[in-house]
Amino acid sequence: MDKIHTIERMNNTRILLPGGAGLVGQNLIARLKAHGYTNLTVLDKHEANVDVLRSVHPDVKVVVADLAEPGDWATHFEGADVVVMLQAQIGAPTREPFVRNNIDSTRNVIELIKRYRVPYTVHISSSVVNSVGTDWYTETKREQEELVVASGINCVVLRPTLMFGWFDRKHLGWLSRFMQRVPVFPIPGHGRYMRQPLYVGDFCNVIISCIESRVNNNAFDITGLEKVDYIDIIRQIKRATRARCAVMRIPYGLFYILLRIYAIFSKNPPFTADQLKALTAGDEFEVIDWEKIFSVRATPFAQAMHETFNDPTYSHIALEF
């Protein structure tokens, strides 16, 4: 009987995912379904990524919507049990998209959560709110989290570090694809820039734990448990993907100039000069015992990298940025 009640609860729990066609959303949907959740609705404006989501999960309700603008999409908040706020602008050559997609959309979503009295929200913030960085992403993510916390809604705030996993178009996913196309893979400077990469599969399990436990009125830094230098991440990608390129260090200044030049010819570069600065800023994020707090076991980094690049169902799919 308990098992039947659990299945009924999962089927009846209506989960709304603003921005759910992105990296975290696509991974989260796969894991929510694996946990038995079926009543899922995604709101997202990126039509190419929406098409990917529909092809992989045709049973999930998807609505194309610009959350920075009022629209009929607002009615989907009525009757929702949980909102997982995933919408975010990660990169762009100008400030305006960051404001629209990190600030304006958040104001609209908070207003609807209040209007329809949604009982629980999981807000996906970022570790950069504690960073020394001053780029547009960092600034608008800080303001976004402040809006959520000040709103008074019943929520939990999760701040992940750099994530990798299935569907990754930008970070390690882009690096892996670049690696397959070039004979030499350049590393800026000495390459010993400590990172704390977080496997998105583990992060999704933390989100699901929040949905089930309804922990609230708190913020948690969800940091990768293994400290790995950037150059060692690149070497691990090479091993996992069996790439044949050589890994070579080049002067930091030259690397920076090359990124600036690349940005001239690409209106949406996957790796920017500002992100290079963030990479070398020397941030070290707090590590809490999130395994114990959320009853989630972290996947060892090498195993997570293997799953990322060798899963038969998802590894070949990349989102647009």
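Which residues of H7 are buried? That was my opening question for today, and I kept in mind that I'm looking at a predicted model.

**Entry 1: helix H7**

I went along H7 and wrote down the buried ones: Val 200, Gly 201, Asp 202, Phe 203, Cys 204, Val 206, Ile 207, Ile 208, Ser 209, Cys 210 and Ile 211. That makes eleven buried residues out of 14, so I noted H7 as mostly covered. Next I checked its length. From first C-alpha to last, H7 reaches 20 Å, close to the 20 Å expected at 1.5 Å a residue. Just past the helix I found Arg 214, which takes a positive phi of about 60 degrees.

**Entry 2: H7 against H2**

I then looked at how H7 sits against another helix. Two packed helices are described by the angle between their axes and the distance between the axes, and I looked up both. H2 (residues 23–34) and H7 (residues 200–213) pack at an angle of about 60 degrees, and their axes are 9 Å apart. I put the crossing down as right-handed.

Who meets whom there? From H2 I listed Val 24, Asn 27, Leu 28, Arg 31 and Leu 32. On the H7 side they meet Val 200, Gly 201, Phe 203, Cys 204, Asn 205, Ile 207, Ile 208 and Ile 211. Sorted by class, the contact of H2 with H7 has nine nonpolar residues, three polar ones and one charged one.

**Entry 3: Asn 205**

Leaving aside neighbours within four places in sequence, I found Asn 205 in contact with Arg 31, His 35 and Val 296. I also took one C-alpha distance: Asn 205 and Leu 28 are 177 residues apart along the chain, and their C-alpha atoms are separated by 7.9 Å.

**Entry 4: helix H5**

On to H5 (136–151). This helix has 16 residues and reaches 22 Å between its end C-alpha atoms, close to the 22 Å expected. At its start, a side-chain oxygen of Asp 135 comes to within 3.1 Å of the backbone nitrogen of Tyr 137. Just after H5, Gly 152 takes a positive phi of about 85 degrees.

For the buried residues of H5 I wrote down Tyr 137, Thr 138, Thr 140, Lys 141, Gln 144, Glu 145, Val 148 and Ser 151. What covers them? I noted that the cover includes strand S4 (82–85), helix H4 (96–115), S5 and strand S6 (155–160).

Ser 125 is in the loop between strand S5 (120–124) and helix H5. Its relative accessible area is 3%, under the 20% cut-off, so I count Ser 125 as buried. How far is its side chain from that of Glu 145 in their polar contact? I got 2.6 Å. Beyond its sequence neighbours within four places, Ser 125 is in contact with Lys 141, Glu 145, Val 157, Leu 158, Arg 159 and Pro 160.

Ser 127 is in the loop between S5 and H5 too. At 6% relative accessibility, Ser 127 counts as buried. Not counting residues up to four places away in sequence, Ser 127 touches Arg 159, Pro 160, Thr 161 and Phe 285.

Does the length of H8 agree or disagree with 1.5 Å a residue? The helix runs over residues 230–241, so its twelve residues should span 16 Å; the end C-alpha atoms are 17 Å apart, which agrees. In H8 I marked Tyr 230, Ile 231, Ile 233, Ile 234, Gln 236, Ile 237, Ala 240 and Thr 241 as buried.

Just after H8 comes Arg 242, in the loop between H8 and strand S13 (246–250). At 60% relative accessibility, Arg 242 counts as exposed.

Phe 167 is not a glycine, yet has a positive phi of about 70 degrees. I found Phe 167 in the loop between strand S7 (163–164) and helix H6 (172–181), and at 1% relative accessibility it counts as buried.

Last, Pro 251 is in the loop between S13 and helix H9 (252–265). At 53% relative accessibility, Pro 251 counts as exposed.

Notes. Residues are numbered from 1 along each chain as its sequence is written. This is a predicted model: local features need pLDDT of at least 70, side-chain atom pairs count only at pLDDT 80 or more; totals for chains, interfaces and linings use all residues. Side-chain values use heavy atoms; hydrogens and water are left out. Helices (H or I, at least four residues) and strands (E, at least two) are DSSP runs, numbered from the N terminus. The expected span of a helix is 1.5 Å times one less than its number of residues. Buried means under 20% relative accessible area, exposed over 50%, partly exposed in between (1.4 Å probe, protein chains only). Axes are lines fitted to C-alpha atoms, for helices over the stretch in contact, and angles run from 0 to 180 degrees between N-to-C directions. A crossing is left-handed if the near helix is turned anticlockwise from the far one by less than a right angle, and right-handed if clockwise. Contact means heavy atoms within 4.5 Å. Ala, Val, Leu, Ile, Met, Phe, Trp, Tyr, Cys and Pro count as nonpolar, Asp, Glu, Lys and Arg as charged, and the others, Gly among them, as polar. A polar contact is a pair of N or O atoms within 3.5 Å; within protein, one must be able to donate a hydrogen and the other to accept it, and residues adjacent in sequence count only if both atoms are side-chain atoms.
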